[in-house]
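Please consult the sequence and the model shown here while reading.

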Amino acid sequence: MEAYIMGSDQRIVRCARVSFGKDDKVDMDRDKKLIKYLFQHRHASPFEHVIVAFEGDKKDWIDLIQKVQSPVFQVYWAGGYVWLNLRNFINAFEHIPRAVKQKVRELLPTTYAVIKGETPTDYSTDSSYVSQKVETSSGWIGLVDKLELGTLMDYYTFVVECPLFVARQWHRHRFGSFNEVSRRYVSYEPTFYIPSYLRKQSDKNKQASTDEKIDEPWNSLFMKKIKWYIEDLRTLYENMIEKGVAKELARGILPQFMHTRFYWTVPRISLDNFISLRTHEGAQKEIREFAEAIISMVGYKNSATFRL
Ligand SMILES: Cc1cc2nc3c(=O)[nH]c(=O)nc-3n(C[C@H](O)[C@H](O)[C@H](O)COP(=O)(O)OP(=O)(O)OC[C@H]3O[C@@H](n4cnc5c(N)ncnc54)[C@H](O)[C@@H]3O)c2cc1C
């Protein structure tokens with residue numbers, strides 16, 4: 001039986017450490033301890049960024065659902081493969097075929113040892129931080145990994161840096177997994193998106209904009225004010241942190257132009273749904289640019305066949 005894995009021990013650590021803005025650091029001893037900590041304390045969302053696919057028919061899929069007596073267990077079947085993420089793999093552990101477990105043991109030795117209650121020895125890392133990166137006007141997106149078997153459930157992991165309001169729109173796409181930097185933890189200097197000019201409100205679509213610049217002198221005047229307020233708020237934030245204000249409160253004054261960073265692991269069917277909705281002219285320009293960047297990296301397959 002063929003089994004395919006997307007991810008590594010380090011992937012779980014990266015998706016956990018993005019909370020602290022330290023997803024690019026490798027420290028094998030600490031990483032192994034972190035995986036154990038995450039597992040033991042049920043901080044399970046970083047495990048969702050590792051994907052397992054194994055050959056199986058519909059019966060294998062239904063059997064698995066029936067065997068795992070949890071109303072929130074998620075497993076999928078597409079293209080002759082049973083698909084699940086590592087969080088669900090852990091919940092289904094005793095029902096997973098031996099060959100699949102063996103593959104997980106080989107490719108994620110620390111994580112497998114932790115699941116089994118053993119002491120980890122080996123540790124697997126990602127080959128690079130991102131394999132492709134595209135800059136947009138408001139941030140950047142990097143392709144971390146992909147698992148393509150030509151099915152609706154082919155999987156992709158991206159790391160995204162974008163303004164808060166773009167992330168808010170992005171996170172409405174619920175079919176997929178997210179882990180994001182937390183300003184409750186980090187106090188490093190925030191960065192901000194500053195548009196090159198201020199676009200006009202569309203008069204055809206209540207929520208959209210045009211590419212046209214607003215009239216002068218207003219564009220220059222407002223742009224100057226935006227930059228001034230952002231600098232002023234950045235200074236206020238830093239002063240509050242210096243004087244001991246809790247990060248979770250001080251962050252409240254940081255504006256929506258602030259950048260955030262998150263990992264997104266998403267199946268093709270949901271990725272195509274994102275692309276079709278977010279390349280539409282009614283979508284916000286900044287998120288449209290990200291959707292176009294995704295197409296340039298992994299294409300669009302029009303696989304979102306659900307009607308709604
Ligand atoms: C131009 C634009 C404007 C928008 N404006 C707003 C707005 O003003 N306010 C706002 O709140 N959102 C807004 N949204 C977000 C929008 O309502 C969706 O939440 C978002 O586009 C994600 O789409 P989705 O639900 O298809 O994707 P996902 O959440 O990824 O879901 C994928 C698919 O899974 C199925 N699904 C997922 N969850 C459920 C569920 N609970 N029940 C049934 N089926 C489910 C559906 O078939 C869905 O298409 C806007 C989106 C766009 C593109």
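Five strands make up an open sheet with antiparallel pairing, in the order 5-6-7-11-8; strands pair if DSSP finds at least two bridges between them. Strand 5 (132-135) and strand 8 (177-180) lie at the edges with a single partner strand each, so one side of each is left without a neighbour in the sheet. From one strand to the next the twist averages 20°, where axes are lines fitted to C-alpha atoms, for helices over the stretch in contact, and angles run from 0 to 180 degrees between N-to-C directions. This is a predicted model, in which local features need pLDDT of at least 70 and side-chain atom pairs count only at pLDDT 80 or more, while totals for chains, interfaces and linings use all residues. Residues are numbered from 1 along each chain as its sequence is written. Helices (H or I, at least four residues) and strands (E, at least two) are DSSP runs, numbered from the N terminus.

- Nine bridges join strand 7 (residues 155-163) to strand 11 (residues 259-267) in the antiparallel sense; glutamate 161 has arginine 261 of strand 11 as its bridge partner.
- Helix 10 (residues 268-278) packs on the sheet and touches strand 7 and strand 11, its direction making about 130° with that of strand 11. Contact here means that the C-beta atoms of two residues, placed from the backbone, lie within 7 Å.
- Helix 11 (residues 285-298) also packs on the sheet, where it touches strand 5, strand 6 (140-147) and strand 7; its direction makes about 40° with that of strand 6.

- Strand 1 (residues 3-6) and strand 2 run antiparallel and are joined by four bridges, with alanine 3 partnered by phenylalanine 54 of strand 2.
- Strand 2 (residues 51-55) pairs with strand 4 in the antiparallel sense over five bridges. In this pairing phenylalanine 54 has valine 82 as its bridge partner, and glutamate 55 stands opposite tyrosine 81.
- Strand 3 (residues 76-78) is antiparallel to strand 4 over three bridges, and tryptophan 77 stands opposite valine 82.
- Two residues separate strand 3 from strand 4 in a hairpin, and glycine 79 in the turn has a positive phi of about 60°.

- Five of the five residues of strand 4 (residues 81-85) are buried, so strand 4 is largely enclosed by the rest of the structure. A residue is buried if 20 or more other C-beta atoms, placed from the backbone, lie within 10 Å of its own.
- In a regular strand the side chains alternate between the two faces of the sheet. Tyr81, Trp83 and Asn85 point one way from strand 4, and Val82 and Leu84 point the other way.
- Strand 2 has four of its five residues buried, so strand 2 too is largely enclosed by the rest of the structure.

**Helix 6**

- The buried residues in helix 6 (residues 109-116) are Thr110, Thr111, Tyr112, Ala113 and Val114.
- Their cover includes helix 1 (9-17), helix 2 (28-40) and helix 5 (98-107).

Note on methods:
A residue is buried if 20 or more other C-beta atoms lie within 10 Å of its own, exposed if 12 or fewer, and partly exposed in between; C-beta atoms are placed from the backbone.
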